[in-house]
Amino acid sequence: MASHLPPKSTTQHSQPATAGVASQAHATPRGIKRWLLTTNHKEIGTLYLVLSLTMFFVGGLFAMVIRAELFQPGLQLVEPEFFNQMTTMHGLIMIFGAVMPAFVGLANWMVPLQVGAPDMALPRLNNFSFWLLPVAFTLLLSTFFMPGGAPNFGWTSYAPLSTTYSPPSTTFFIFSLHLAGISSILGAINIIATILNLRAPGMRLMDMPLFVWTWLITAFLLIAVMPILAGVITMMLLDINFGTSFFSAAGGGDPVLFQHLFWFFGHPEVYIMILPAFGIVSVIIPTFARKPLFGYASMVYATASIAILSFLVWAHHMFTVGLPLVAELFFMYSTMLIAVPTGVKVFNWVTTLFRGSITFEPPMLFALAFVVLFTIGGFSGLMLAISPADFQYHDTYFVVAHFHYVLVPGAVFAIMAGVYYWLPKWTGHYPNLRLGQWHFWLSVIGVNLTFFPMHFAGLAGMPRRIPDYALQFADFNMVTSLGAFMFGASQLLFVAVIVMCIRGGEKAPAKAWEGGEDLEWTVPSPAPLHTFETPPDFQPRQH
Amino acid sequence: MSGGSYYVPVSSKWPVLASLAMGAIMAGAGTLLVFGRAGVPVMVIGLLAVLAVMTLWFRDVIHESRSGLYDARMDRSFRWGMGWFIFSEVMFFAAFFGTLFYVRTFALPWLDGEGAKGVAALLWPDFTASWPLLEPPDKAIQGPHETFSPWHLPLVNTLILVSSSITLTVAHEGLKEGYRTTARHWLTGTVLLGTCFIAIQGFEYHEAYTHYGITLQAGIYGATFFLMTGFHGLHVIIGTIILISILGRVIRGHFSRDDHFAFEAAAWYWHFVDVVWIGLFTFVYVF
């Protein structure tokens, strides 16, 4: 494999475009117009990542407000109404503004590089997908300034809280979610078309890096369920503004119908936020263990199984709503089934590490923490899947602990791992490894201080989404809040690392990491604006 | 595979303008619904801007296509793109069909006291489940007086839409065989049939409100009726606009016998709309 490592001649004629210098042939616009009008997958990927990081801090700020209020029992800082807006907007911003755009940004940058494509399949559509998002989030954040405030019913928007009893701004929330949804669908279509159509000659589906595979399956999930979300929020819109009774039993509708439709979208949605993370980790662990991924094919099949199962488990979010017994049983067992393919994945990651020559650069640290901490989140999910037990856990902090374990040290850590891993390819410099290690250790300690005590508070009965709580939960909450402030503050280090890495640092060669074997490591670092204009020679590796 | 020839467009101003225009529609519509008429001009400007941007964007694409910039791979990208887009539309309607089935199979019988969830009957003890639901549980909500017979206008519309799929296929075959006049005539026929469908549907809506008492506010029957036929009707309107623009291109001499994906994409969309209607006719009107 070392034989074709030096950058190939195919990329030579792209050299003038390096470092953002406009190439004469294309007369690329400069300044702000370059970013507004771009059709380049790398620039659009960067835009997505910058938006995501911004939203991560906006949503993080809301989390800090929540944790400051919950630092001590009693009402201190904010009104309960505002607290509810904080929990709602924290969820919405983090899911639709931070995690999803981050993965789309990584896909934009890396999928064409990993499959040897000249760009995304539909570059203008790609730019459209991105620019819908700033518009959508401007609209969403503007609801704070409307009479009655921002949406306050939780990101799950259960009717009738989100219909009969919702603030006027809910209509704007619905429209902003429509825009974000259109963006997701178009982005997913683009990614699928790129993967299915623009692979380098000779690259079969089963030769693709796992990040590409997981994104192919994620894109399918997005196209399948974002329209369901569009449908259900449209019905909300009609109930609020046009007097329909979809979610009102008085007219023959059913508020539980909202929950069914929402979670038919919502459960695949949570896998949309974790499958690309699996892909990133499955790429990083082999690189730093200097071994091929153990069980490549089983990884692919496990991912596909998880995606299929995700359509059959939605009502496990609704165990206490009053489902028929047969539904409780079906959704309990189908949910437990997901542990099987997930277990296959964890087994494969651990087995890849077994007898590897492991080094602990920041990407690997985040990936290893992912394996351990995501597994904790997976196990608490298995506990929640037990329907009778869920009657105790439902809507407590145990649930909050569960999904934050899979989303923060799960999805977010995987995103950070990916950023550290690919920063040399994006900027041409290694990130400051010492600072990266500080960022990692502070984050991993902060995240566990934040979310681990939530398990105990939840099992003891502390409900979620409340601004005040009984005195016996005071200690757990104070630890949680301190951990949250620590985690929040250490993310400033992340920004520092990224900014420093863009400005300078140790020069990275084309193959920035010794064990990196995928196609992106065959192009120079930083990757020139246009890569693989002639397809690379792809040599399949033995998995 | 024809590597190297894949066309990557230079920068374009349409995507970002399209996003802003979409934002204007959404912000305008939201303002209209929440704060009143001040939103109307914003929404109208947004709508016009979206139409203008789409026209100019497609003009660029058509120009590139006719300049021979697109290779076979590009063609496949468009095919995957359109195919998956239609799949997303299928899922959009799936949410509405799911709603209809859930209401008819579970929600209404439970409100009537049936089965394990029958405690819901405590809310309105006098309620009797039926479909079409003429008497909603709460007396404050006025249900429909009667519902449409499927064998009058809906059947006519079914025949119209099914025939339009056939005429479109004849037009497509004509184009493939090089009979451009045939293609033009049958495509014109398809557009006319689509327009007839929309007109009849508009007349039916008028009847629904004036004589049948089927309104958006008439409980779950009216809600599902207008949700499903309304979004279908919107898709027929969009499909007709697409077909008209394709007809314009056929008249201008665009498309060759073996390279006319825009025509095919429009046809895929039209057949999809047709299939949705068969589902609607079956489950909204007949059963």
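How many residues does the contact take from chain B, and how many from chain A? Before I answer, let me say that what you see above is a predicted model, so please hear everything that follows with that in mind. The contact takes 60 residues from chain B and 63 residues from chain A.

Let me stay with the chain B side of that contact for a moment. Helix 1, covering 14–34, helix 3, covering 72–111, and helix 6, covering 219–251, each supply at least two residues of the side of chain B that touches chain A, and helix 3 of chain B gives the most to that side, with 20 residues. If we sort the residues on the side of chain B that touches chain A by class, we find 40 nonpolar, 15 polar and five charged residues.

Now to chain B as a whole. Chain B contains seven helices and zero strands, and read along the sequence its pattern is α-α-α-α-α-α-α. The C-alpha trace of chain B spans about 70 × 45 × 40 Å along its principal axes, and of the 287 residues in chain B, 37% are buried. Among the contacts in chain B with a separation of 6 or more, 67% are between residues 24 or more positions apart. Chain B is divided into domain 1, residues 7–70, and domain 2, residues 74–286, and the C-alpha centres of these two domains of chain B lie 25 Å apart.

Turning to annotation, the unreviewed UniProt entry lists, under "transmembrane region", residues 16–36, 42–62, 83–103, 151–171, 183–203, 223–247 and 268–286 of chain B.

Leaving out residues up to four places away in sequence, B:Leu32 touches B:Arg37, B:Gly39, B:Val40 and B:Met43. B:Leu32 and B:Leu193, by contrast, are 161 residues apart in sequence and 34 Å apart in space, C-alpha to C-alpha.

Let me come next to helix 7 of chain B, residues 261–286, which has 26 residues and reaches 36 Å from its first C-alpha to its last, close to the 38 Å expected at 1.5 Å a residue. Helix 7 of chain B bends by about 30° at B:Leu280, and B:Leu280 is one of the buried residues of that helix, which also include B:Trp270, B:Asp274, B:Trp277 and B:Tyr285. The buried residues of helix 7 of chain B pack against helix 3, helix 4, covering 153–177, and helix 6 of chain B. Helix 3 and helix 6 of chain B, you will remember, also supply residues to the side that touches chain A.

Finally, a word on chain A, where helix 15, residues 433–459, has 27 residues and should span 39 Å at 1.5 Å a residue, which agrees with its end C-alpha atoms being 39 Å apart. Helix 15 of chain A is followed by A:Gly461, whose phi is positive, near 110°.

How values were computed. Residues are numbered from 1 along each chain as its sequence is written. Chains are lettered from A and ligands numbered from 1 in the order in which they are written. This is a predicted model: local features need pLDDT of at least 70, side-chain atom pairs count only at pLDDT 80 or more; totals for chains, interfaces and linings use all residues. Two residues are in contact if their C-beta atoms, placed from the backbone, lie within 7 Å. Helices (H or I, at least four residues) and strands (E, at least two) are DSSP runs, numbered from the N terminus. Ala, Val, Leu, Ile, Met, Phe, Trp, Tyr, Cys and Pro count as nonpolar, Asp, Glu, Lys and Arg as charged, and the others, Gly among them, as polar. Domain bounds come from an automatic or database domain assignment. UniProt positions are given in the numbering used here, feature names are shortened, and annotations may be inferred rather than shown by experiment. A residue is buried if 20 or more other C-beta atoms lie within 10 Å of its own, exposed if 12 or fewer, and partly exposed in between; C-beta atoms are placed from the backbone. The expected span of a helix is 1.5 Å times one less than its number of residues. The bend at a residue is the angle between axes fitted to the seven residues ending there and the seven starting there.
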